[in-house]
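Hi there,

Here is the model I promised to send over. Have a look at it first, and then read on for what turned up.

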Amino acid sequence: MIALSVNRDFYTGAMVSAFFSLALASAIIILAMIRRSWIEMLWVVTGGLFLALFDFRVLDFHPLFMAGFSFLGLTALAVLGTRTIWAAGEDRKLLFYGFFPAVLFVASEWMATTLLDITEKLHPKTFDLFLYSFDSSLRVQFSFLMGQAFWTWPWLRFFCLVIYIALPLPLALVYAAHLRGKKENAFAVMLAFLVTGPLGVLCYNMVPAIGPAHLFGAAFPFHPLSTADAMRINVIPILTSGPRNAMPSLHLAWVLLVWWNSRGLARWIRAIAMIFVVLTAMATIGTGEHYFVDLVVAFPFSLMVQALCSYSLPLRSGERKTAFLFGTFGTLIWLALLSFSTAVFWSSPIVPWAMVIATVTSSVILWHRLVAATTEEQPLKVRAAAATA
């Protein structure tokens with residue numbers, strides 16, 4: 001951890017990044033949830049201050065606010081790792097299950113930029129006009145409306161952006177809460193959080209898009225096309241620059257998984273999860289990073305991930321199989337329709353709205369059934385294990 005903190009390239013390329021620094025800081029939440037020791041929190045603060053002073057005073061690194069979270073996160077990982085080495089028995093197992101996934105999550109955040117760069121090189125053209133065409137077919141352009149709201153109320157934009165950037169924190173909170181209280185659920189939760197990124201990158205390569213703010217530039221959010229003009233645009237792939245990370249919205253997919261997997265946890269954790277769902281949805285479209293349809297497709301996508309990682313149920317279980325198939329084919333059908341059949345959405349406003357409502361409603365219903373089946377399955381396994389013993 002010391003070697004990373006004193007590496008100038010790592011500092012300028014990662015530690016000052018808002019997303020990466022908070023991914024590191026998520027280790028603090030994991031440590032606090034599974035240890036609940038003021039002494040270890042004191043070690044984290046002391047170690048973070050030492051690393052900051054050494055980098056800023058001795059190595060003369062340029063001080064930046066977000067780097068502080070990185071220093072604290074690196075120290076928390078060091079404390080978790082050290083405690084894991086010296087602990088024994090069940091305590092050691094618990095610490096390892098906290099430390100190793102934290103490292104994996106930080107590593108996945110580190111790799112995200114590289115994967116997006118590769119996607120941009122593979123797909124110089126994007127499908128933004130296809131996604132914008134769908135949003136316009138709803139006769140309500142939500143991204144532009146929310147963007148205008150952000151300009152009107154800067155405080156709303158600020159709070160939504162803070163929540164948007166702080167995504168790693170609720171992921172760590174829900175995982176650590178399960179790890180401390182319901183270990184049998186914890187690994188499925190972390191697995192779902194980890195595989196969302198790679199699976200999402202596959203979708204980015206199927207329908208590469210960059211978002212309305214990048215497509216319209218200075219015209220966003222006050223100058224959208226009229227419905228009549230949007231209906232007549234030539235929907236073709238266009239040459240653009242920027243990260244192809246719009247379809248689906250992985251930010252919304254992650255916070256949906258946070259909300260869905262917070263079931264059965266403390267009410268304050270559930271409240272935090274819901275706040276992240278609402279404000280993240282607002283931030284994704286209000287900043288112009290996503291189209292409204294990106295949020296819609298996030299529902300079946302996250303359902304697919306949830307079903308894939310619900311390994312406590314047999315794969316042939318009715319609820320798990322149904323949820324997985326609906327999530328998978330629902331996501332793929334949306335991607336196919338958006339790529340090849342945008343004209344169908346303009347046949348009537350009822351068509352796109354019916355598809356949106358059916359997709360979101362079905363995803364939520366199937367998720368409830370999946371969670372109910374998972375909840376019923378776990379006590380049966382516990383009783384079976386006790387009977388065998």
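Arg232 and Asp229 sit three residues apart in helix H13, so about one helical turn separates them. Helices here are DSSP runs of H or I with at least four residues, strands are E runs of at least two, and both are numbered from the N terminus. An α-helix has 3.6 residues a turn, so residues three or four places apart point the same way. Arg232 and Asp229 form a salt bridge, with their closest N and O atoms 2.8 Å apart. (A salt bridge means a side-chain nitrogen of Lys or Arg within 4 Å of a carboxyl oxygen of Asp or Glu.) Arg232 counts as exposed because its relative accessibility is 62%, while Asp229 is partly exposed at 35%. For those words, buried is under 20% relative accessible area, exposed is over 50%, and partly exposed is in between, using a 1.4 Å probe and protein chains only.

Before going further, please keep in mind that this is a predicted model: local features need pLDDT of at least 70, side-chain atom pairs count only at pLDDT 80 or more, and totals for chains, interfaces and linings use all residues. Residues are numbered from 1 along each chain as its sequence is written, and side-chain values use heavy atoms, with hydrogens and water left out.

Back to the charged pairs. How many salt bridges are there by this rule? The count comes to six. One of them joins Arg83 and Glu40, whose closest N and O atoms are 2.8 Å apart. This pair links distant parts of the chain, as Arg83 is in helix H5 and Glu40 is in helix H4, 43 residues apart. Arg83 is partly exposed at 34% relative accessibility, whereas Glu40 is buried at 2%. Both also belong to a network of salt bridges that links Arg35, Glu40, Arg83 and Asp91.

Another salt bridge brings together the side chains of Arg244 and Glu120, at 3.9 Å from N to O. Arg244 lies in the loop between E2 and H14 and Glu120 in helix H6 (residues 89–122), so the pair ties together parts that are 124 residues apart in sequence. Arg244 is buried, with a relative accessible area of 0%, and Glu120 is partly exposed at 26%.

Helix H5 also holds Thr75, which is buried with a relative accessible area of 8%. The Thr75 side chain reaches the backbone nitrogen of Gly48 at 3.2 Å. That is a polar contact: a pair of N or O atoms within 3.5 Å where, within protein, one must be able to donate a hydrogen and the other to accept it, and residues adjacent in sequence count only if both atoms are side-chain atoms. Leaving aside residues up to four places away in sequence, Thr75 touches Trp43, Val44, Gly47, Gly48 and Leu51, where contact means heavy atoms within 4.5 Å.

Next comes helix H9 (residues 154–165). Which of its residues are buried? They are Leu156, Cys160, Ile163 and Tyr164. Seen down the axis of H9, these buried residues fall within an arc of 100°, so they line one face of the helix; the arc is that of the directions from the helix axis to the C-beta atoms. Pro154, Trp155 and Phe158 are exposed on the other side of H9. What covers the buried residues includes helix H3 (18–35), helix H8 (142–152), helix H14 (250–261) and helix H15 (267–286).

Phe220 and Pro221 are joined by a cis peptide bond, with omega about 10°, and Pro221 lies in the loop between helix H12 (212–216) and helix H13 (227–232). The peptide bond from Met247 to Pro248 is cis too, with omega near -5°; Pro248 is in the loop between strand E2 (238–239) and H14.

Asp60 is not a glycine, although its phi is positive at about 60°. Asp60 is placed in the loop between helix H4 (38–58) and helix H5 (67–86), and counts as exposed at 59% relative accessibility. Arg139 also has a positive phi, near 70°, in a residue other than glycine. The loop between helix H7 (128–137) and H8 holds Arg139, which is partly exposed at 35%.

Best wishes
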